[in-house]
Amino acid sequence: MKTAVIVFPGSNCDRDMAVALETVTGRAPAMVWHRESELPAGTDFIALPGGFSYGDYLRSGAMAARSPILRAVAEAAGRGVPVLGVCNGFQVLTEAQLLPGALMRNAGLNFVCRSVRLTVENSQSLFTAGYRAGETITIPVAHHDGNYFADDTTLDRLEGEGRVAFRYADAVNGSARRIAGVLNDAGNVLGMMPHPERAIDPAHGGTDGLRLFEAALGVLA
């Protein structure tokens, strides 16, 4: 399994993501600078990490979505390669139109940094097959612009097609219908605001994020 982490100026969770991927696969991922135009040959899994790409200038993820490597990411996603965007990575995926909707400022305009409870809405996807539908898991969040927004037609479509992967069990940031993570129509692209890579080691407070990586990387027991 060959994995890659896309690194933007302002990424600050790229190492966390790399540790998670190496923990599960036993192999360090390629760290791909955003100015590159191609992914390493044979890349099987792509992660867009959290952080503050370009200092969240203009809009969170807006400038990073125009980086050269995003064309290669979009092409890989179109071929079925799994793509995971976490926090800023989720913002980049929406700005690049690989996922619907947008991430706005949190309700109350406060930075939220704590562990939150999530409900697993879809346990049949590539990323969520390690969970039970309706299961409650605990994953950390750390964001200022995590308020997921889409029009009602889009929200109804996401709900009807089973593309809401995770939902906040409680109000966290004002997200429409408490949505915490969504899938693309093919099910191989997941964007989520909570940080599963920060929940893979008991010493860090929990391991509820580990099953996401094990499922997506094909090593689920």
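**Close-up views of a predicted model**

**View 1. Val 189 sits in strand 11, which covers residues 189–192.** This is a predicted model, and in it Val 189 counts as buried, at 1% relative accessibility. Its contacts beyond four places in sequence include Ala 77, Val 83, Leu 93 and Phe 127, along with Val 182, Leu 183 and Asn 184.

**View 2. Cys 87, His 195 and Glu 197 are what UniProt lists under "active site", in an unreviewed entry.** They're spread over 111 residues of sequence but cluster in space, with a largest C-alpha distance of 11.0 Å. Of these residues, Cys 87 is part of the lining of the largest cavity.

**View 3. Cys 87 is in the loop between strand 4 (83–86) and helix 3 (88–95).** Cys 87 is buried, at 5% relative accessibility. Skipping neighbours within four places in sequence, Cys 87 touches Gly 50, Ala 142, His 143, Met 192, Met 193 and His 195.

**View 4. His 195 is in the loop between strand 11 and helix 5 (210–216).** His 195 is buried too, with a relative accessible area of 1%. Besides Cys 87, its contacts beyond four places in sequence include Cys 13, Gly 50, Val 86 and Pro 140.

View 5. Cys 13 is itself buried, with a relative accessible area of 2%. The disulfide count by this rule is zero.

Key: Residues are numbered from 1 along each chain as its sequence is written. This is a predicted model: local features need pLDDT of at least 70, side-chain atom pairs count only at pLDDT 80 or more; totals for chains, interfaces and linings use all residues. Side-chain values use heavy atoms; hydrogens and water are left out. A disulfide is a pair of cysteine sulfur atoms within 2.5 Å. Buried means under 20% relative accessible area, exposed over 50%, partly exposed in between (1.4 Å probe, protein chains only). Helices (H or I, at least four residues) and strands (E, at least two) are DSSP runs, numbered from the N terminus. Contact means heavy atoms within 4.5 Å. UniProt positions are given in the numbering used here, feature names are shortened, and annotations may be inferred rather than shown by experiment. On a 1 Å grid over the protein atoms alone, a cavity is a set of points where a 1.4 Å probe fits but cannot get out, and a pocket is an open set with protein on both sides within 12 Å along at least five of seven lines; lining residues have an atom within 4 Å of a point.
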